[in-house]
Amino acid sequence: MDQHVLRETVHELWAGTALDSLSGFVAIPALSPAFDPVWSANGQLHAAVRHVRDWLAALGLRGASTEVIQLPGRTPLLVLDVPAREASNEETVVVYGHLDKQPAAGEWSPGLGPWTPVVRDGRLYGRGAGDDGYAAYAGAGALSALQAAGGRHARTVLLLETCEESGSPDLPRYLELLADRLGPVGLVICLDTAGGDYERLWLATSLRGIAFLDLTVRVLESGVHSGHGSGIVPSSFRVIRQLLDRIEDPHTGEITLPELNVEVPPERLAEIRAAVAGGYRAPELPLAEGVRPLSEDAVELILNNTWRPTLSVTGADGLPPIAEAGNVLRPLTGLKLSFRLPPTADATAALRAIERALTGGVPFGAQVLLDRADAADGWNAPPTAPWLESTLDKVSADVFDRDWQAIGLGGSIPFLGMFARAYPQAQFVVTGPRGPGNNAHVPDEWLHLDQTARVTEAIARILHAHATA
């Protein structure tokens, strides 16, 4: 393999057609189904799939086929299937990404917008650029550069789903459908994570699971004057607060349900301590003036963010804006609850425990409604095979001029848990170019273009090493 040609091809792609097409992808408001209930009629997910499919087809990968698979009532799945090129094994490599997006989520900075691609200071701004549109271009681009450089690769299948931001509810059915077609999967490359900087190769070794639901507490059929009703009828906010206190200690934030807690594996604890000793810290956040983090201990903060359960209230109903709030005892309070679960927790059992805690013996007999409840398991990496570890060492030295770093991440990618169960012998490379301040899910999302090119080159070299191992 000509490594110079490989690198030059990668950089040409990211300076040319890959960047152009990814910019076009940003302009498509392909909201995940959780944020667009009429996604099928709106057609934006389909538009995103067609847009990326056209670029993949034009890339000219030898023998490759592209296909859009859509089961009735489910979101589409885009599949790129590239036959092996002089591989010494018959394993399949699966490369994963997703094409659905989070909503705009607020006001963007002047000159920027969620559906307006802007290249500025080596960054591509726009919703979906970093989470996770780049994955399609990095995965296929790595194969294209590898073929141009005379490299080798096993049969490689790029899977691009369109409901990841909704918890991947359709993915299990597609993986079941494709099981025979995929064959023996020996390597899984997931391009949907972030690292601690933009200078080295970062690999995720664990991701938390997730459970989420809508909780509504109703105490009245309609609102009443607060002077008439308060002291007679309990506030729906008070009831919902009491219910949440059954799950989360209001003083420490600790989740008290045993089904949501696990023991941290010794190897992961050692990994965290080694990363902290090397200078890694928990992600930097835009804390308001005077606000302190939950701990001054870097190890504790990372454990909180990667191996301990947490609760976030991510939305609310029944609460008018402050400027419009009159003296009314409101009939209901609704909250969207998002639980991050430890990587090895049983997400289904966790969700059932949450539901029991919220519905049993409700104070004052208030009505409780749970809706849109779902859960997905996390993921904990298997031991790294010798061929992969040595490859990571060499790739990191050659491409990044720094050692690679393994870390756990606090987010969730349901795909990984599904694949780990389906292919327990597979090796996993879970990486990506996102890093501090990339703003995924919030305004001003951006993608670091130089780091994306380096990650693309690294993936190409890992594919070559796998084919020759």
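**View 1. The crossing of helices α2 and α5 is right-handed (near helix turned clockwise from the far one by less than a right angle).** This is a predicted model, where local features need pLDDT of at least 70 and side-chain atom pairs pLDDT 80 or more, while totals for chains, interfaces and linings use all residues. Residues are numbered from 1 along each chain as its sequence is written, and side-chain values use heavy atoms, leaving out hydrogens and water. Here α2 (residues 17-26) packs against α5 (residues 129-148) at about 135 degrees, axes 10 Å apart. Helices are DSSP runs (H or I, at least four residues) and strands are E runs of at least two, numbered from the N terminus. Axes are lines fitted to C-alpha atoms over the stretch in contact, with angles from 0 to 180 degrees between N-to-C directions.

**View 2. Glu457 and Arg7 pair up in a salt bridge, 2.9 Å from N to O.** A salt bridge puts a side-chain nitrogen of Lys or Arg within 4 Å of a carboxyl oxygen of Asp or Glu. Glu457 sits in α14 and Arg7 in α1 (residues 3-15), so the bridge ties together parts 450 residues apart in sequence. Glu457 is buried at 3% relative accessible area, whereas Arg7, at 31%, is partly exposed. Buried means under 20%, exposed over 50% and partly exposed in between (1.4 Å probe, protein chains only).

**View 3. Asp131 and Arg434 meet in a salt bridge, 3.8 Å from N to O.** Asp131 is in helix α5 and Arg434 in the loop between β17 (427-431) and β18 (446-448), 303 residues apart. Both Asp131 and Arg434 are buried. Shared partners join Asp131, Asp192 and Arg434 into one salt-bridge network.
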